[in-house]
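Please open the model in your viewer and keep the selection panel at hand. The tour goes from whole chains to single residues, and each stop says what to select.

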Amino acid sequence: MPMVEVAQVTKKYDGGFEALKGVDLAIEEGEILALLGPNGAGKTTLISIICGLVTPSGGDIRVGGHDVITGYRESRRLVGLVPQEINLEPFEKVLNTVRFSRGLFGLKRDDALIEDVLRRLSLWDKRNTPIRELSGGMKRRVLIAKALSHEPRVLFLDEPTAGVDVELRRDMWEIVADLKARGTTIILTTHYIEEAEAIADRIGVINHGRILLVEEKQSLMTRLGRKELRISLDAPLSALPAVLQGRGLELEEDGHMLVHSYDSTAERSGIARLMADLAAEGIAVRDVSTRQSSLEEIFVSMVHGSEDAA
Amino acid sequence: MNPRAIWAIYRYEMSRFFRTLMQSFLSPVISTSLYFVVFGAAIGSRIDEVEGVSYGAFIVPGLVMLSVISQAIANASFAIYFPKFIGTIYELLSAPVNFLEIVIGYVGAAATKALFIGTVILLTATLFVELHVAHPFAMVAFLLLTCISFSLLGFILGIWAGNFEQLQLVPLLVVTPLIFLGGSFYSISMLPPVWQTITLFNPVVYLISGFRWAFFGMADVPVGLSLLAIAGFTGLCLAVIWWIFRTGWRLRS
């Protein structure tokens with residue numbers, strides 16, 4: 001049974017805006033799913049519905065087998081939420097706000113657990129500091145500590161690294177990796193492709209309120225990833241010889257670079273034939289390299305494709 | 001029921017109160033003293049007695065009600081509006097708590113604060129006038145019911161308010177005039193007959209009258225009617241809050 005099941009979920013706001021148009025999603029226990037999508041795609045609405053902040057217009061959502069409407073107490077006990085905005089009471093101390101979060105979930109005070117959470121997030125030394133005196137990065141950690149204070153089995157991270165510097169982003173990835181190692185199911189929304197590429201097991205792409213795909217990161221990159229063979233030439237070519245035309249080859253860098261795009265999973269890549277033809281034409285090759293399309297390129301082409309379809 | 005969640009909310013709210021304890025304590029002491037100086041000494045010296053009670057003592061129940069009602073509304077409305085304003089409401093809405101638990105936590109804390117203020121005012125009043133409470137249990141019951149019911153009203157206002165201006169709007173334009181015109185500083189029997197009838201449409205009259213009865217055994221309206229009015233008001237507020245959480249009005253999109 002999936003940890004989180006979303007079936008045909010729709011959301012139409014009062015103004016008439018349709019944020020979700022029949023979303024289906026199943027998230028397995030212990031995995032990290034990155035939900036990618038441009039601004040306004042429906043990522044935050046979907047998370048907010050699962051967590052109880054937004055009421056769905058239709059569909060079914062279950063967390064750990066519990067319906068989020070009729071069994072909200074059971075489903076919410078399993079879920080921790082780290083919101084996109086830094087929503088914290090500025091005058092409260094770190095320790096108090098984290099303890100409050102645990103109490104809100106109906107759990108007995110557990111100082112050892114709270115200390116462990118704060119230490120893992122490098123917040124223990126700041127436990128008695130008022131939140132307004134913390135840096136932006138530390139405040140984000142406090143949000144995570146609050147979400148972890150009730151030992152959730154599912155953690156939603158809504159744009160956890162939006163607006164943070166590179167170093168802090170990497171720290172955050174380490175925290176996520178640590179949580180996964182402890183068995184927490186993690187769903188994060190992001191529009192940083194490198195984030196999804198770095199930490200996710202599976203990637204979901206959402207746009208215009210529809211899930212475009214959900215797939216294992218590696219298989220997605222292999223399936224959709226185009227590879228390029230970049231051939232550096234000894235002497236520049238002013239134009240492609242007739243024998244090389246019609247194969248999708250391109251000349252770049254003023255004729256010094258010949259670029260051959262191919263499907264890395266196809267039976268024939270055409271590389272051997274290309275190299276033979278170059279030799280036959282007397283075109284000397286200086287160097288050869290290959291490059292795989294990044295997730296970002298895949299994402300951009302997919303989102304543009306959905307926008308064209310819409 | 002989730003008693004730990006109720007306790008967490010209550011304790012969190014009370015810790016805010018304790019952070020500004022001196023301010024919370026001094027403010028009612030000073031304002032009550034000023035009322036006694038102005039109404040008790042300056043004006044009260046020209047009024048002998050009201051229905052057999054010295055004017056200074058007569059205004060004590062009204063003064064307590066004035067502060068308790070204002071404080072209950074202010075504390076409860078701020079308590080729920082502030083998380084909305086700074087965004088921390090997300091935590092409450094995503095926690096395994098129902099509307100009753102949230103209300104007990106927030107309203108309980110606001111009512112406790114109002115009760116504290118009411119007690120401070122009563123104690124301050126004893127420095128200026130001699131007070132005898134004819135029906136102490138009824139006095140405590142009226143005080144408690146007023147703290148709770150107006151905290152409920154404040155909670156509704158806090159959810160309704162879209163900005164700080166709106167948060168002040170109803171207390172300033174509706175509640176304060178109703179309290180002042182509800183017999184805080186006079187008996188409604190002192191008014192011309194037409195105004196006596198009009199005043200009976202003011203719900204605060206029933207609270208102050210009942211509370212004053214608990215002190216001096218005299219009332220503008222029957223005590224049973226006062227109890228009925230405050231019970232009805234509490235029930236109405238609870239029904240509105242239940243509806244708010246059921247529909248998510250101003251809380252959930």
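**Before selecting anything**

This is a predicted model, in which local features need pLDDT of at least 70 and side-chain atom pairs count only at pLDDT 80 or more, while totals for chains, interfaces and linings use all residues. Residues are numbered from 1 along each chain as its sequence is written, and chains are lettered from A and ligands numbered from 1 in the order in which they are written.

**Stop 1: chain A as a whole**

Select chain A and colour it by secondary structure, which comes to ten helices and 14 strands; helices (H or I, at least four residues) and strands (E, at least two) are DSSP runs, numbered from the N terminus. Chain A has a radius of gyration of 24 Å, well over the 19 Å that the globule rule gives for 310 residues, so chain A is more spread out than a compact globule. That radius is taken over C-alpha atoms, and the rule is 2.2 Å times the number of residues to the power 0.38. Along the principal axes, the C-alpha atoms of chain A fill a box of roughly 80 × 45 × 35 Å.

Of its 310 residues, 35% count as buried, a class that requires 20 or more other C-beta atoms within 10 Å of the residue's own, whereas 12 or fewer make a residue exposed and values in between partly exposed, with C-beta atoms placed from the backbone. Among the contacts in chain A with a separation of 6 or more, 70% are between residues 24 or more positions apart; two residues are in contact if their C-beta atoms, placed from the backbone, lie within 7 Å.

**Stop 2: an open sheet in chain A**

Next, select the four strands that form an open antiparallel sheet in the order S2-S1-S4-S5 of chain A; two strands pair if DSSP finds at least two bridges between them. The edge strands, each pairing on one side only, are S2 (18-27) and S5 (66-67) of chain A. Strand S4 (residues 58-63) of chain A is joined to S5(A) by two bridges, and Val63(A) stands opposite His66(A) there. Angles run from 0 to 180 degrees between N-to-C directions, and axes are lines fitted to C-alpha atoms, for helices over the stretch in contact.

**Stop 3: strand S11 and its two partners**

Move on to strand S11 (residues 226-233) of chain A, which runs antiparallel to strand S13 (residues 257-263) of chain A, with seven bridges joining them. To find this pairing, look for Arg230(A), whose bridge partner in S13(A) is Val259(A). S11(A) also pairs with strand S14 (residues 285-292) of chain A, again in the antiparallel sense and over seven bridges, and here Leu233(A) has Val285(A) as its bridge partner.

**Stop 4: chain B as a whole**

Select chain B, which has ten helices and two strands. For its 253 residues a compact globule would have a radius of gyration near 18 Å, and the 19 Å of chain B agrees with this. Its C-alpha trace spans about 60 × 40 × 35 Å along the principal axes, and 44% of its residues count as buried.

**Stop 5: where the chains meet**

Show both chains and select their contact, which takes 26 residues from chain A and 20 residues from chain B. On the side of chain A, the elements that give two or more residues are helix H2 (72-77), strand S6 (79-82) and H3 of chain A, and H3(A) gives the most, with five residues.

Zoom in on helix H3 (residues 94-104) of chain A and helix H1 (residues 3-19) of chain B, which pack at an angle of about 150° with their axes 7 Å apart. Residues meeting here include Phe100(A) in H3(A) and Trp7(B) in H1(B).

**Stop 6: two single residues**

Finally, select Gln8(A), a residue other than glycine whose phi is positive, near 50°. Gln8(A) lies in strand S1 of chain A. His208(A) also has a positive phi near 50°, and its place is the loop between strand S9 (202-207) and strand S10 (210-216) of chain A.
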